[in-house]
Amino acid sequence: MPDTKPGTPHEFKAEIRQLLDIITHSIYTNREIFLRELISNASDALDKLRFETGRGATAANPDLPLEIRISTDKDAGILTIADTGLGMTRDELIENIGTIAKSGSAEFLKNLADNKDAAPGIIGRFGVGFYSVFMVAKKVVLTTKSLIPDQPAVHWKSDGSGSYDLADGPEGLSRGTILEIHLKDEAKEFADPERLKAIIRKHSNFISFPIFVGQDKVNTVPALWRESKFSITPEQYKEFHEFLTFDSEEPLLTIHVAVDAPVQFTALLFIPKKPMDLFGMRPDARGLDLYVRRVLIQHETKDLLPEFLGFVRGVVDTEDLPLNLSRETLQENLVLRKIQSTITKQVLERLQKLAKDDPDAYAAFWREHGRVMKLGYGDYIHREAFAELVRFESSALAPTPEAPAPLTSLADYVTRAKSGQKHIHYLSGPSRAALDLSPNLEIFRDKGLEVLYLLEPIDEFVMESVRSYKDFTLAPADKIDPADLAAFESTVAADTPPLSPEQQAALPSLAAAVKNLLGDRITDVRVSTRLRKSPSCLVSPDGDPSAGMQKIMRMLAKDETPPRKVLEINADHPLLRNLLRIHQTRPDDPFLATAANQLLDAALLLDGYLADPHQMVDRVTTLLTDASGWYADLKNT
Ligand code: ADP
Ligand code: MG
């Protein structure tokens, strides 16, 4: 039950106390941004009021102009910010100012404490901007009256320590919120109107409601997106981007479009150089600001762009939606969907143009945003553009000490393909180094065939969905039949002598014996035509998905048993030659079982599947003990 006695003290929630503790006890170089936060709150309050009245709500004091007024008392060191927005009821006040609504606040606070210098920038992004006032205030008095007619005004007071005071506000107050900020001695500069005007022009120039300092209207360029793009300077775009995102780094791309058909809208979009970093705190923080005839309907409107373009920031303004739109039905809205498809196309086109005009800039973009972009694998409508935009590491493009491994497009891969090549080959692996050594790729290295390196699980889905590119089929390297590569010549000469006819004849029998010895640990044993250096490797049976895809499926199913696959053995490896000799003369020698299990375990280990290494280590120790004995005998005589 809300109590109504005047002047009752209330405790801040624990996380707010911590936040305030950090804010009040730190010295910030960038304190001025508190003003941006408070003006942004005032502007939000005005936006919400306009939204509510737009959909037919009756507001108290309907004739009040929508504006923000700032006044100062230099001598007393007081700064006052008043808005005619929707105000707050007593319950809303307790709810909105006094708790952190977002989850993950503990981690956020820890980050804040660890990164004091970055704090002013991240406070606002995380949605606790109000408290930044305590960077400059020793006391804050907030008086607010809700738009709901007949709600009493409320009075809130705090010095930024553990608690705040709530009381009834004065009678006869009109709708909105007034913040009276009693400045700290070392923050008296913020009672200087000229200083305030400069800060507002820097940080709040695009607020869509007039901001007055004294009698002067300070902000000048509301709704930049509505202006003709020929009249806008690059500097204005940059400023607007910073205003919108709090990101002072220039965006990678600015996309400004005005469309008349099939729906009318304007959009001003930015692709930032780096993803918005909120310490993973708000993974769903994406979407565009949706305006209808300059009235803000919703921040972070997710239905305006597909998830895989979630890094795009900006605003969309349309004439073709009613103002009294309910947020709940936005999702099914046809106009919105048409806007979405138009701007998705625009963004993809601009990215393709960037990739063409400035491949290095595009590669840098991909390194930052590729993870999100890859989610586009599920989007069949834009599959063609998507296939042009994906990038991979490749066996053909090695890193240098100065630079990370270059990325390639499918188009570039195709230009390097050998004549007669029908596949774009790829393989998943935990790292570039692992793939460079993968036994499955030995035949590709030998024949000089390029293989794309998939280093993230999602890449497998990308390949499955793209399927083919131009005349090439995308094919996992571990699934390729080496016979399909027969047309491509070896580049490396074999250094083992060819098998004798007797050895050749005994080979199938060795494979059968190994299969027998390994029982149901494998599905089959084959003499490999893909191996060059390694004695053995695992290959997926026909019909199974690629090794990488299996790994994902097993991960999702939490299946930790080693997979059953085909073990391929390399008859040109000295180890197999030795086993063949043993098999030919003493087919029942127990050493063959030891060796067979070791070959399989080694292959499983390379594929990351050897869950229990004990048997293998034990076996290796026994083998080394024997070998070292023989070695000592040999050397010591
Ligand atoms: P955010 O603005 O991201 O929600 P803040 O800490 O800046 O976080 O503000 C917290 C909440 O306090 C706002 O969401 C809003 O509900 C309320 N609030 C702050 N200032 C005002 C204001 N001038 N008028 C009405 N409500 C306000
Ligand atoms: Mg805010």
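Visitor: Which residues of helix H6 are called buried?

Guide: In H6, residues 193–203, they are Leu196, Lys197, Ile199, Ile200 and His203. Buried means under 20% relative accessible area, exposed over 50% and partly exposed in between, with a 1.4 Å probe and protein chains only. Helices (H or I, at least four residues) and strands (E, at least two) are DSSP runs, numbered from the N terminus. A word on the source: this is a predicted model, where local features need pLDDT of at least 70 and side-chain atom pairs count only at pLDDT 80 or more, while totals for chains, interfaces and linings use all residues. Residues are numbered from 1 along each chain as its sequence is written, chains are lettered from A and ligands numbered from 1 in the order in which they are written, and side-chain values use heavy atoms, with hydrogens and water left out.

Visitor: What covers the buried residues of H6?

Guide: The cover includes helices H2 (33–54) and H7 (234–245), along with strands S2, S3, S8 and S9. Contact here means heavy atoms within 4.5 Å.

Visitor: Why is His369 called buried?

Guide: Its relative accessible area is 1%, so His369 falls under the cut-off for buried. His369 sits in helix H9, residues 359–373, and touches Pro272, Lys273, Lys274, Pro275 and Phe311, not counting residues up to four places away in sequence.

Visitor: How do you know that strand S12 pairs with strands S13 and S14?

Guide: Two strands pair if DSSP finds at least two bridges between them. Four bridges join S12 (288–292) to S13, running antiparallel, and four join S12 to S14, running parallel. Leu288 stands opposite Thr301 in S13, and Val292 has Thr318 in S14 as its bridge partner. Five of the five residues of S12 are buried.

Visitor: Which residues touch the most other members of the largest nonpolar core?

Guide: Among its 68 residues, they are Phe34, Ile70, Tyr131, Trp156 and Phe240. H2 gives the most to this core, with seven residues. A nonpolar core is a set of buried Ala, Val, Leu, Ile, Met, Phe, Trp, Tyr and Cys residues joined through side-chain atoms within 4.5 Å.

Visitor: Why is this core said to lie between domain 1 and domain 2?

Guide: Both domain 1 (8–217) and domain 2 (224–355) give residues to this core, so it lies between them. Those domain bounds come from an automatic or database domain assignment.
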